[in-house]
Amino acid sequence: MEISNLSVYYGKRRVLNDVSVSIRPGKVTGIIGPNGAGKSTLMKAVLGLIPMSSGTITMDSGEADPKKWRLTIAYVPQRQSIDLTFPITVFDMVMMGTYPSLGLFKRPGKAEKAQTQKWLEAVKLGDLGQRQIAALSGGQLQRAIIARALVQETDIFFLDEPFAGVDVVSEQIIMDLVRDMNRQGKTFVVVHHDLSTVKNYFDDVVLLHSDHIVYGEVGNVFTGEQLKHFYGAEINF
Amino acid sequence: MEFFSDIMNYRFLQQALITSVLVGIGSGVIGSFVILRGMSLMGDAISHAVLPGVAISFMLGIDYFIGATLCGIFAALCMGFISRKSPIKSDTSIGIILSSFLALGMILITVVQSSTNLYHILFGNILAVTMHDLILTLIVTLLVIILVALFYKQLLVSSFDETIAQTYGINTQVIHYFLMVLLTLMTVVSLQTVGVILIVAMLITPAATAYLLTDKMSRMIVLAALFGIISSVIGLYFSFTYNLASGATIVVSATVMFCIAFVFSKKNQFIFKKEQ
């Protein structure tokens, strides 16, 4: 995926300025940067959730219509955006991931239910499907939201801060699954804030701060010198 | 049980019963989406906003259904316009639209001096329901049920998680106005039954009652329709027997059911604690 000269404004405030980055297919890429650097914005702009004021995005698949290639990306937004009081069970929420493949009128049937159960089990929530979503712990809920994206069975996954406020066990389950699916050729792009795990989790890294961007293999980019530049302080790993 | 023998005997009472049951079903279905999307106040505003449309229809000599519907949709567009173009908070813009349309409607109806009684438009007069009203209500209720069933997936996901709905390629703006149109149509056919002032209660009270009793959206819609029917029938009984405004009796019935559900709902942890 090639992002060229992307700029995004929130009202009059410029969040991303002329940013270009290339994301390699079949890799797990971490997007790292200080708070307010525009990490989530970059993701949302690619997904079409916020308008780009300039820039182009080219997909490796060669598909030119954004409406079509956007459906090849499954997205996990930050967890706060979920309405926990909504009358919906964990199973039904995860099954929503099958909707894009169903077309305009078709309802989820046996195949979709089996697919949903399969991914619920993959995130180790196989027996909690009938609970209302607020009856899950933070980590369990995050796994359910990840399962909803995995059910889409797309080639590319965008995860926005998937480990924020998540317990160690859930983080491990999610990361194992990411690695597992990556071996099957899936591409993952993850907004991440915990610098201590970057080297273990990612193949490639994008360091971002508004109009400044560096990207490449983790060993080349994630260096003390670059971090000092991006975070404005000495950070050692 | 004089009421039941009267139903057998009087055609106007049969029409009133069928119409109120239809209104109960349709507003329960739409109302479920209204409360989950936080549009209760918006529903209230649209129901008040149809009033000038009723008056203008009389002036022009057209069916009140057309004028009221167009007027309601116009109000929905106005509210959307204000909140898009200005930093005014949405409850403020809703309040302005609601009161100004109601005020305009009251002036116009008084000026027109139509045969329609303002009191009946405001508070409902179900016993005056005509065959024409009944058929309109039937069409709108069927339309609501069919469209909600057809687009249930899109409505569910966009009500629950708008961001995710957008990544699924769903145009959430279209869904919003689609619901607004259905809401307006339902409001207009409820005019005769519950009246402008109390329509919002028919939309939200049975739906809120249903919400307290289930964790599944599809079940909530069915329950809301059921509670809508029960309150309509009980309300009609009291309206007919004691010569009371039908809107008021129907809404009080719906509220009694809400209170019972409120006390016994596991969601409120009032009597029954939620099992963890």
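**Exercise 1. How many salt bridges are there between chain A and chain B?**

Solution. Start with the basis: this is a predicted model, in which local features need pLDDT of at least 70 and side-chain atom pairs count only at pLDDT 80 or more, while totals for chains, interfaces and linings use all residues. Residues are numbered from 1 along each chain as its sequence is written, chains are lettered from A and ligands numbered from 1 in the order in which they are written, and side-chain values use heavy atoms, with hydrogens and water left out.

Step 1. Apply the criterion: a side-chain nitrogen of Lys or Arg within 4 Å of a carboxyl oxygen of Asp or Glu.

Step 2. Between chain A and chain B the count is two salt bridges. R148(A) forms a salt bridge with D161(B), and their closest N and O atoms are 3.1 Å apart.

**Exercise 2. Describe the contact between chain A and chain B.**

Solution. Step 1. With contact taken as heavy atoms within 4.5 Å, 29 residues of chain A touch 26 residues of chain B.

Step 2. Buried area is the accessible area (1.4 Å probe) that two parts lose on being put together, summed over both. For chain A and chain B this is about 2,500 Å², and carbon and sulfur atoms give 63% of that area. F86(A), P87(A) and Y99(A) supply 25% of the area that chain A buries against chain B, more than any other three residues.

**Exercise 3. Find a salt bridge within chain A and place its two residues.**

Solution. Step 1. Over all chains the structure holds nine salt bridges. One of them joins R24(A) to D204(A), with the closest N and O atoms 2.8 Å apart.

Step 2. Strands here are DSSP runs (E, at least two residues), numbered from the N terminus. R24(A) sits in the loop between β2 (13–22) and β3 (28–32) of chain A, and D204(A) in strand β8 (residues 204–209) of chain A. The pair links distant parts of the chain, 180 residues apart.

How values were computed. Helix = DSSP H or I, 4+ residues; strand = E, 2+ residues; numbered from the N terminus.
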